[in-house]
Structure formats: C-alpha cells, structure tokens
Amino acid sequence: MTDPDSAIPQEVRRLAEASEEILRWIDRLTDRALEARPEVVERIRRDYQVRLRSADTRLAAQRPLLVEIVSEREALQESLRAEMGAHASDLEEIELRHDIGEFSEAELKARRAPIERELADLGMRIEREKEMIAMLSGVIERTTVPDAEPAIDTEPVIEAEPEVHAEPEVHAEPEVHAEPEVHAAAEADSASEVDPEPAVDPEAVADEGEPPSDAAGAGGEFADELDFLESLSLGETGPFDAVSAMLDEEERSDEGPN
C-alpha cells in the first residue's frame with residue numbers, strides 16, 4: 001500500500017492545516033469574547049471567516065483527491081491498530097512466560113524493550129492518522145456543494161375540497177316528566193284521615209223513606225178499639241152500647257140526606 005503521506009500534495013496539506021488552525025482561533029475568540037469590546041471581537045471574527053473561506057475555496061478544487069486520501073488513511077489506521085494488537089499479544093506472552101519461570105528477569109527486559117518501542121510508535125502513528133482524517137473530513141464537509149433542489153412550481157395546486165352534506169336537523173323530543181309515584185302507604189294514611197260514615201239502620205231508613213200512612217194517623221183509634229175488645233172480653237157492656245151508637249151515627253152521616 002502506498003504511503004498516504006506521499007500522496008498528499010504539499011499545497012493541499014498546507015491549506016488544510018491552515019484552515020484547521022483558523023478554526024481553533026475562532027473557538028478561542030468565542031471563549032474570550034466577553035473580555036473585549038463587541039465591535040473588536042466581531043472585527044476579528046470577520047477576518048478569520050474571510051481567511052477560512054479563502055482556504056476552503058482553494059481546497060474545494062482538490063475535493064475528489066481529499067476523499068480518496070481520507071479513504072486510504074482510514075484503511076491505514078485499521079492496519080496500524082491490527083499491528084498494535086499483535087505486538088500487545090506478544091508482550092503479554094513474554095510476561096506470562098516470565099511469571100511461570102521460563103524467562104529470567106534479564107531475559108524478560110531484553111525481549112520486552114523492542115516490543116514496547118514498537119507499541120509506542122504505532123500509538124503515535126494511529127493518533128496522527130486520526131487527526132489527519134478528522135481534518136480532511138472537515139475540509140470535505142465544508143467544501144461540499146449541496147445538490148440543486150428540483151424546481152418547484154410557484155403556482156400552488158388548489159385541491160377541491162370535498163363536498164360536505166349538511167346533516168338533517170334532529171329536533172329534540174319534549175321532555176316527559178315522570179308523574180310522582182303514589183305510595184300505598186300515603187294512600188292508606190289518606191284513607192285513615194276520612195271519618196267513617198255511621199252505620200245506618202235499615203229499618204230506620206225504611207221508616208224515614210215511607211210516607212206516613214193512614215194507619216199511623218189512626219193509631220189512637222186502633223188503641224181505642226183494642227181497649228173496647230178487651231172490655232168485651234171482660235164482660236163490660238156499657239161501653240159497647242156507646243160504641244154501637246157512635247157507629248150508627250157515622251153511617252147516617254155518610255149516607256147524607258136522602
């Protein structure tokens with residue numbers, strides 16, 4: 001694999017590093033913005049933005065090359081990580097053999113020194129690749145021109161609203177009030193308050209309803225006749241003669257003068 005460092009033109013590397021440094025200056029300016037007058041801070045910020053825009057404009061022409069370089073550096077970074085893992089495994093094996101007693105202390109130091117130097121070098125290279133990938137990726141992102149959006153018809157399309165049919169009006173039914181419930185107990189109480197009619201003697205009613213008869217008017221005469229008959233049973237003739245004379249007189253009065 002070709003060394004990515006040799007594939008990056010010096011001008012591209014210089015512009016990329018310059019743009020990254022300008023970004024750091026802008027961050028520091030933001031942190032200390034309250035320590036100076038607002039117009040001073042804004043003047044410095046505009047200067048940095050102009051310089052950053054100039055560097056990115058020149059880097060935009062090299063964007064395809066930058067994309068290729070980032071891809072190669074990412075592959076190199078993975079290779080360095082794998083190599084570092086293999087050296088770490090070798091170092092762990094040497095230490096375990098020493099702990100078992102196979103290697104002496106002097107032999108352990110002799111075997112471990114070159115591996116540790118290699119691990120340190122790989123660590124620095126991986127870190128450097130990481131920083132370079134981040135820097136170039138930032139440049140690619142800033143210089144990416146968004147794709148033109150498709151033309152949009154300025155005349156809006158007005159969709160016909162669906163016809164809404166009016167629902168038939170529903171008339172509310174008159175409210176029917178329930179009649180109050182009449183309890184049997186209330187009726188019983190009402191019935192108990194009415195005074196019972198006095199018992200009517202049927203014989204008395206019959207007597208009151210019939211008009212007074214002639215017999216009732218002649219009650220006294222019947223009593224006299226009873227006394228008369230009783231006197232006859234007792235053998236008294238004086239009264240009988242008197243009665244006979246009275247009857248004869250009444251008959252003559254009824255016949256009248258001839």
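Trainee: Fine. Is this experimental or predicted?

Mentor: This is a predicted model.

Trainee: How many helices and strands does the protein chain have?

Mentor: The secondary structure comes to ten helices and zero strands. Along the sequence the pattern reads α-α-α-α-α-α-α-α-α-α.

Trainee: What share of the residues counts as buried?

Mentor: Of the 258 residues in the protein chain, 18% count as buried. The chain exposes about 21,000 Å², with carbon and sulfur atoms supplying 53% of that area.

Trainee: And the contacts, what part of them joins residues at least 24 apart?

Mentor: Taking contacts between residues at least 6 apart in sequence, 76% join residues at least 24 apart.

Trainee: Let's do helix packing. At what angle do helix 2 and helix 5 cross?

Mentor: Roughly 85°, and their axes come within 10 Å. Helix 2 covers residues 10–31 and helix 5 covers residues 105–142. Angles of 65 to 115 degrees count as roughly perpendicular, so helix 2 and helix 5 are roughly perpendicular to each other.

Trainee: Which residues make the contact?

Mentor: Helix 2 contributes Arg13, Ala16, Glu17, Ser19, Glu20 and Leu23. From helix 5 come Met132, Met135, Leu136, Val139 and Arg142.

Trainee: What does that contact look like by class?

Mentor: The contact of helix 2 with helix 5 has six nonpolar, one polar and four charged residues.

Trainee: Switching to rings. How many aromatic pairs are there?

Mentor: A search of the whole structure finds one. The pair is Trp25 with Tyr48, and the geometry is tilted: 5.5 Å centre to centre and 40° between the planes.

Trainee: Where do the two residues lie?

Mentor: Trp25 lies in helix 2, while Tyr48 lies in helix 3 (residues 38–60), so the pair ties together parts that are 23 residues apart in sequence.

Trainee: Is Tyr48 buried or exposed? And what about Trp25?

Mentor: Tyr48 has 17% relative accessibility and therefore counts as buried. Trp25, at 25% relative accessibility, counts as partly exposed. The cut-off for buried is under 20%.

Trainee: Last one. Where is Thr144?

Mentor: Thr144 sits in the loop between helix 5 and helix 6 (184–193). Its relative accessible area is 37%, so Thr144 is partly exposed.

Trainee: How far apart are the C-alpha atoms of Thr144 and Ala60?

Mentor: The separation is 7.7 Å, although Thr144 and Ala60 are 84 residues apart along the chain.

Definitions and conventions: Residues numbered from 1 in each chain as written. Predicted model: local features only at pLDDT ≥ 70, side-chain atom pairs only at ≥ 80, totals over all residues. Heavy atoms only, no water. Axes fitted to C-alpha atoms, helices over the stretch in contact; angles between N-to-C directions. Helix = DSSP H or I, 4+ residues; strand = E, 2+ residues; numbered from the N terminus. Parallel < 35°, antiparallel > 145°, perpendicular 65-115°, else oblique. Contact = heavy atoms within 4.5 Å. Nonpolar A, V, L, I, M, F, W, Y, C, P; charged D, E, K, R; others polar. Phe/Tyr/Trp six-rings, centres within 6.5 Å; stacked < 30°, edge-to-face > 60°. Buried < 20%, exposed > 50% of the residue type's maximum accessible area, 1.4 Å probe, protein only. Areas by Shrake-Rupley, 256 points an atom, 1.4 Å probe, with all protein chains shown as cover.
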